[in-house]
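Hi there,

Here is the structure I promised to pass on to you. Have a look at it first, and then read my notes below.

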Amino acid sequence: MEQSTTLDIEALKITQEQYMLASQSLHLQRPGCGVVYPVGLYGWRKRCLYFFLLLLLVIMIVNLALTVWIIKVMNFSVDGMGNLQLSREGIRLEGISEFLLPLYVKEIQSRRDSSLVLQSEKNVTVNARNSQGQLTSQLTVGAEAVLAQCQRLEVHSSEGGRLLFSADKEEISINTDKFTVTGKEGAVVRHSVETPLIQAKASEDLKLESPTRTLTMEAPRGVQVTAAYGALKVDGRKDLWLQSTEREILLDASTIRMGSLPLGVYTASSGQASQKQATYEVCVCPSGKLYLSPAETTSTCQAMSNICLWS
């Protein structure tokens, strides 16, 4: 009993000491802080911040004013900008438009009540390219010439789309009912011409001429030259050939005249011809040359045959 009572007294003392120590620690004062650090912007930093905020506000106001001015000057709207209108069908321009760089479009169309005018200080060039970007066709309208570069050039009529003119590297075809040349010098052809009919106007002459070379007319079934209401004249500076390889040459007229035929010369054994001869006979040399001989009661071709020696 005594031992247990002693242990209880000691435990009570330890508990009282711990309580006193705990109560003393609650009444202890914390050590004081002598330095105070302020939090925030003060001095020149604060002034710089306000200056930059004010400058940013001024810039925003200037940008807003410039934006409003540009919208007013350029006439921006929901449909487009001024004379430029945007729609689902494309772009529509009113008035005169100037393009400083190349223009790539699919179709250019004018208004229904006005014409389309393409104008340039130097030239107007229209290019067509394939899917690989290679140039296939080009049309250039310049101050001195209009140049078209393509594989084939075609001109169709507005009614029915009839082909009127076509040109490629092989040939040029004109498919009109009538082709008229109105120049004073006519038409100059450097090579051959294939046509079923060459005809002049009713009141004008038709002239076929080759100034420095020959003029050839060929046809597998015949060549017909007709002057229905006038004379047909064939002139040659040197020789005029009428040749038929298989058939004959027919001269059918009420009067056939052969002017400027040479007059035969008498042989040494014959007498002199009369100076006032009115009638002559036509003689033929073995070479086919024609000449005149004075007509008498008998033929004088033999007496005047010396001209055949000169042929």
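Glu154 and Arg152 form a salt bridge, and their closest N and O atoms lie 2.7 Å apart. Please keep in mind as you read that this is a predicted model.

How exposed are these two residues? Glu154 has a relative accessible area of 37%, so Glu154 counts as partly exposed. Arg152 is partly exposed too, with a relative accessibility of 40%.

Arg152 also forms a salt bridge with Asp168, where the closest N and O atoms are 3.1 Å apart. Asp168 is partly exposed, at 27% relative accessibility. Through shared partners, the salt bridges join Arg152, Glu154 and Asp168 into one network. The structure holds two salt bridges.

**The chain as a whole**

What does the secondary structure of the chain come to? There are two helices and 11 strands, and along the sequence the pattern runs α-α-β-β-β-β-β-β-β-β-β-β-β.

The chain has 311 residues, and 6% of them are buried. Its accessible surface is about 30,800 Å², with 55% belonging to carbon and sulfur atoms. Among contacts with a separation of 6 or more, 16% are between residues 24 or more positions apart.

Enjoy exploring it!

Best wishes

Definitions and conventions: Residues are numbered from 1 along each chain as its sequence is written. This is a predicted model: local features need pLDDT of at least 70, side-chain atom pairs count only at pLDDT 80 or more; totals for chains, interfaces and linings use all residues. Side-chain values use heavy atoms; hydrogens and water are left out. Helices (H or I, at least four residues) and strands (E, at least two) are DSSP runs, numbered from the N terminus. Buried means under 20% relative accessible area, exposed over 50%, partly exposed in between (1.4 Å probe, protein chains only). Contact means heavy atoms within 4.5 Å. Accessible areas come from the Shrake-Rupley method with a 1.4 Å probe; for residues, only the protein chains shown count as cover. A salt bridge is a side-chain nitrogen of Lys or Arg within 4 Å of a carboxyl oxygen of Asp or Glu.
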